[in-house]
Protein chains: 4
Amino acid sequence: MTNNSIKKIGVLTSGGDAPGMNAALRAVVRACKYYNISSIGIRQGYEGLIQNDMIDLGPRSVKNIINQGGTILKTARSEEFRTKEGRQKAYDNLLQNEIDALVIIGGDGSFTGANIFHQEFNVPFIGVPGTIDNDIFGTDFTIGYDTALNTVTEAIDKLRDTATSHDRVFFVEVMGRDAGFIALNSGIASGAQDILIPEQKDSVEELCESLERSEETGKKSSIVVIAEGEQLGGVYEIAKEVKKRHPEYDIRVTVLGHIQRGGSPSCHDRVLASRLGIAAVEGLLENKTNLMAGIRSNKIVFTPIEEAIKKHNEIDAELIKVANILAI
Amino acid sequence: MTNNSIKKIGVLTSGGDAPGMNAALRAVVRACKYYNISSIGIRQGYEGLIQNDMIDLGPRSVKNIINQGGTILKTARSEEFRTKEGRQKAYDNLLQNEIDALVIIGGDGSFTGANIFHQEFNVPFIGVPGTIDNDIFGTDFTIGYDTALNTVTEAIDKLRDTATSHDRVFFVEVMGRDAGFIALNSGIASGAQDILIPEQKDSVEELCESLERSEETGKKSSIVVIAEGEQLGGVYEIAKEVKKRHPEYDIRVTVLGHIQRGGSPSCHDRVLASRLGIAAVEGLLENKTNLMAGIRSNKIVFTPIEEAIKKHNEIDAELIKVANILAI
Amino acid sequence: MTNNSIKKIGVLTSGGDAPGMNAALRAVVRACKYYNISSIGIRQGYEGLIQNDMIDLGPRSVKNIINQGGTILKTARSEEFRTKEGRQKAYDNLLQNEIDALVIIGGDGSFTGANIFHQEFNVPFIGVPGTIDNDIFGTDFTIGYDTALNTVTEAIDKLRDTATSHDRVFFVEVMGRDAGFIALNSGIASGAQDILIPEQKDSVEELCESLERSEETGKKSSIVVIAEGEQLGGVYEIAKEVKKRHPEYDIRVTVLGHIQRGGSPSCHDRVLASRLGIAAVEGLLENKTNLMAGIRSNKIVFTPIEEAIKKHNEIDAELIKVANILAI
Amino acid sequence: MTNNSIKKIGVLTSGGDAPGMNAALRAVVRACKYYNISSIGIRQGYEGLIQNDMIDLGPRSVKNIINQGGTILKTARSEEFRTKEGRQKAYDNLLQNEIDALVIIGGDGSFTGANIFHQEFNVPFIGVPGTIDNDIFGTDFTIGYDTALNTVTEAIDKLRDTATSHDRVFFVEVMGRDAGFIALNSGIASGAQDILIPEQKDSVEELCESLERSEETGKKSSIVVIAEGEQLGGVYEIAKEVKKRHPEYDIRVTVLGHIQRGGSPSCHDRVLASRLGIAAVEGLLENKTNLMAGIRSNKIVFTPIEEAIKKHNEIDAELIKVANILAI
């Protein structure tokens, strides 16, 4: 790696926070040190680029953060970065701080911003997929996804104690506006009777049939996991509709909400984030740009950023079948 | 302990489930064995007494349940037990099963039922306080309370990751319709800026002042913990009112809900439940009745059941002051 | 799937227990139901086959076990199954119970036994890789591995609190007699200064150099993660040798031991186990045999059992480099 | 509280670290602010007093530490503070930093040091009991004890998965050199067959009898919890002796070690630490000195430091009986 042109890398976290973002940041900073270049942290995502809110980072600045949820650089949505003027300010600050390249830790919205910025000002960048939703093309796992799955699964384990003790039906809403990965996997892991995801057309009738079948086989309590983005009008509406058809069901609704975004990252997320953070720095030093670093089949791969933004990981039909078989 | 009249004890769990109920049940069953009497489990609370839904229990029937949330006997609310006829059926089933005394694991509603039943049919019973709310007089801690506190505290720790990363204000609703114990203690433990409980008159103005003070001292994110039973109209209403006054706040609402009732009990709850379950059996064998077994200053104490029902543990003024000092 | 010859599948867990074995068992039983065949559980691994210790299993027999560590079928090492006579008894019992095929949940020792049994008696079987060590060829992950990684990582997080507070060096031994997967991944995830694994030649000198470098960069405490199977004589011996060279170090040794095998499985392990259990049944119904079901690049794959036994997953050089970069 | 003489309080953590020390520190600092006095943190326990290693602390310096194990001030044993010269240096530094009084967070060794220092130089101080061992007189609970109990209980839950799956006997060593509180309570909570503590004379014969009784009742696996300080020669020796008498037992030994000291504090420990930290500051402002702040029957109490050092909480005979009844 003998790219002499990159002497300083700026790193920021953008979009919704995800467990493991700190681990990725730490890896970026230590990889910079390893390859004898400087690193600087940009606070509040693109907003910090515009406001010139930055901090020099060395290997010791990122100690004891690998196990922390959230992001010490903070994150924010920046309206100003959506304007040409905002991006010009950002570029001026990059020049002023002698930043030669960027590592963008975030989701597809963040990558879109970086891509436009690159087209206008030709700033090299590599994206690192940090989002619990796992909906980014070009990587088998996004950073934070595994931790969120465990958080959801542990929460539903708790709900099941009550569901079983009271013979209740619990409808649990989990995150996932556009993607059902969290719902489908946590649903399988927590023995859900049914799972509703945005990628599938479901109906209240089918849901009721599933619950009825479940009753017939002797199950007295059930968990139904519902992704935010399912298409039947929301968890409360669904509960109401089922209650109409089955007034005898003792139904409870739980919206897991923001606890899914936080928490100390799992081992898997820490290792993934560490690998991708290093890969991003190495990629930039090899003159790569406009790419996202990801993991596929346990190998580092780089995907053109536009592909990462436009394409989407698809729900595997096998998993849906698994869910059905297990709900028997 | 030479009471020859009690040869068989029936045990049931009633009301909302709480972590540690299984540990209490296990202790009742093993204490019976230890004192050479029989034990029988009554399913679904008082409903099982009426339906004659019972199961013989021995020391091995309760193995590997000390660490499980919920209750293997299940719990239910029984409308029929509120009627004279229902209680007559229950009594007939007691006679038929040769049950000489009852251990009632539950909250004050369950104790009220037992008390009426005793007045009518003179069945000896001792109550064991199992509820996460800690609102029962006669014991320093109810079974499940400590576990619920840890569940809430860990959940808010996760929310704080996001609150800090995004500079947000989180309003978190926790359980406690009549009592603020969970809110006050978990609020202190999770560094809440303000805590709203049923026992105190609060106003949106005071809450806003607290948040403003917090901002002035340089805090950029805040957690506000709100008990279900506070008197300002609910967490969503409060959030709306604060947003009106401070449109610049980035506010999020989380209702923790039923996850607070479940989960593997903490060490404290398992030991407490074990002690109280044994104490209940020993009490019955010593001809005690109409009492609740509790712990005060780490000693077993028995409180007349009517006192346990009517009186309430009061929030300690010291704790409220602690919360205020820490929010500085 | 129209194989009429298989009407009943026997399932057993063998070798060391691993979190997720119950989830795999549950999936086998429910898949059998789904495909309208019978399933029977064999207790204590091959020993139960010899002792005819079996239990009929239906979909409700395996309820509420997906979240439990260990294996409800129990596991044991069977000396008798290593003899021809033992295997003859096992075969007789298979015939007597009308078992047409086996699902073997375990590690390579268990697969070797199944393979010999198949050669002698032509009993169709498919293996499901259940072991925390992740050292089985033919799958990206073994069942239990992800949970063990989280257990180790959380334990080292706790040790780090003390290491940091006291400026100490902790030497932590983790499982892995032949494979360094647990050590390498948990070491990266917990910010270890050095990681010793069986696959690499290490020396006390290199370890000391790493610790000295760490000191020079200002680190005051360090974690060294050591796999059971490293080649320097064991964690106590290594600690002694380092202490000789650096009497000023405040060194502590912790052997994590068997806590690594237990615990409620992670979401990842539950889903993996569910998929593989179903795949095993489907494979048998498609007349597959002598194979191991695994996951590669998130797809179900079947590997000839002899390959699964003989080959081994290799440590990725990239991960070793990641560990070195992060320890800077 | 109108003591004008105290304008600045120094706070240090000393002895072994315990979860909740940071929460206590945070409370001290915020209480100082609340009462309009200054606070200064002394690093590395008494060593920092001697080395003049101190740091000014304000309310924001202690943000986001309430949930962290260990102590951000670090802790150390100071040989020099045991000498008159060392203590003279410490006193000189107190004067130089205008520290009027001390809060000592630690165990009885730390309190002994403070007591001697006070006798020599008349520096007001109040102790806060921070140790996982719960062996300090004058408080129902020490800071860190509840968290350690949960850590041990969760670890043994994991061991039980393997014990049950393999029909094994596990001997688990837990912390407690002089006191059996951790062993006794975690043993009860994890369903131990026997518990060996320093306060009781036990014999290998009695232990074997207990294990034999357990077998006779149909238990196939057992957990024995052993405090570090039991009097039979250590967990490995005990295991050897039992194995001699029962070669058929499949015995495993686990030494839980330092994981017991770390981890995020439980809700109980955070609230306890917060209350005691505030009480210590309020005590000093009321001219109290040479006392330890503690909780008894849920009320703040102050105990003369010499009493706190010399007396010891005793194991409750009721708990020992509880353990015996449950092991039936």
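Buried here means under 20% relative accessible area. By that rule, eight positions named below in helix 4 of chain B are buried, among them B:Ser110, B:Phe111 and B:Gly113. The model is predicted.

**Helix 4 of chain B**

- Helix 4 of chain B runs over residues 108-121 and has 14 residues. From its first C-alpha to its last it reaches 20 Å, close to the 20 Å expected at 1.5 Å a residue.
- The buried residues of this helix are B:Ser110, B:Phe111, B:Gly113, B:Ala114, B:Asn115, B:Phe117, B:His118 and B:Phe121.
- The cover over these buried residues includes helix 2 (46-51), helix 3 (84-96) and helix 10 (305-310) of chain B. It also includes strand 4 (101-106), strand 5 (125-129) and strand 10 (291-296) of chain B.

**Interface of chain A and chain C**

- In this interface, 51 residues of chain A are in contact with 51 residues of chain C.
- The buried area between chain A and chain C is about 4,200 Å², and carbon and sulfur atoms give 58% of it.
- Eight salt bridges are counted between chain A and chain C. A:Asp316 forms a salt bridge with C:Lys299, with the closest N and O atoms 3.0 Å apart.
- There are 21 residue pairs in polar contact between chain A and chain C, both residues being at pLDDT 80 or more.
- On the side of chain A that touches chain C, at least two residues each come from helix 1 (21-34), helix 5 (145-166), helix 6 (181-189), helix 9 (267-285), strand 11 (299-304) and helix 11 (317-326) of chain A.
- Helix 9 of chain A gives the most to that side, with eight residues.
- By class, the side of chain A that touches chain C holds 19 nonpolar, 17 polar and 15 charged residues.

**Helix 11 of chain A**

- A:Asp316, the partner of C:Lys299 in a salt bridge, also caps the N-terminal end of helix 11 of chain A. One of its side-chain oxygens lies 3.0 Å from the backbone nitrogen of A:Glu318.
- Within helix 11 of chain A, the buried residues are A:Leu319, A:Ile320, A:Val322, A:Ala323, A:Ile325 and A:Leu326.
- Their cover includes elements of two chains: helix 6 and strand 7 (194-196) of chain A, together with helix 1 (21-34) and helix 9 (267-285) of chain C.

**C:Asn150**

- C:Asn150 lies in helix 5 (residues 145-166) of chain C.
- Because its relative accessible area is 10%, C:Asn150 counts as buried.
- Leaving out residues up to four places away in sequence, C:Asn150 touches A:Asn150, A:Ser266, A:Cys267, A:His268 and C:Ser266.

**Interface of chain B and chain D**

- The contact takes in 51 residues of chain B and 51 residues of chain D.
- Chain B and chain D bury about 4,200 Å² between them, with 58% of it on carbon and sulfur atoms.
- Eight salt bridges are found across this interface. One of the salt bridges in the model joins B:Arg275 to D:Glu318, whose closest N and O atoms are 2.7 Å apart.

**Other salt bridges**

- Over all chains, the whole structure has 72 salt bridges.
- A:Lys74 and B:Asp167 meet through their side chains in a salt bridge of 2.6 Å, N to O. This pair crosses between chains, from a loop of chain A to a loop of chain B. A:Lys74 counts as buried because its relative accessibility is 17%.
- B:Glu237 forms a salt bridge with B:Lys240, the closest N and O atoms being 3.9 Å apart. About one helical turn separates the two, because they are three residues apart in helix 8 (residues 235-245) of chain B.
- D:Arg43 forms a salt bridge with D:Asp53, with the closest N and O atoms 2.9 Å apart. The two lie ten residues apart and link distant parts of the chain. D:Arg43 is partly exposed at 28% relative accessible area, and D:Asp53 is partly exposed at 25%.
- A:Glu205, A:Glu241, A:Lys244 and A:Arg245 are joined into one network by salt bridges that share partners.

Methods. Residues are numbered from 1 along each chain as its sequence is written. Chains are lettered from A and ligands numbered from 1 in the order in which they are written. This is a predicted model: local features need pLDDT of at least 70, side-chain atom pairs count only at pLDDT 80 or more; totals for chains, interfaces and linings use all residues. Side-chain values use heavy atoms; hydrogens and water are left out. Helices (H or I, at least four residues) and strands (E, at least two) are DSSP runs, numbered from the N terminus. The expected span of a helix is 1.5 Å times one less than its number of residues. Buried means under 20% relative accessible area, exposed over 50%, partly exposed in between (1.4 Å probe, protein chains only). Contact means heavy atoms within 4.5 Å. Buried area is the accessible area (1.4 Å probe) that two parts lose on being put together, summed over both. A salt bridge is a side-chain nitrogen of Lys or Arg within 4 Å of a carboxyl oxygen of Asp or Glu. A polar contact is a pair of N or O atoms within 3.5 Å; within protein, one must be able to donate a hydrogen and the other to accept it, and residues adjacent in sequence count only if both atoms are side-chain atoms. Ala, Val, Leu, Ile, Met, Phe, Trp, Tyr, Cys and Pro count as nonpolar, Asp, Glu, Lys and Arg as charged, and the others, Gly among them, as polar.
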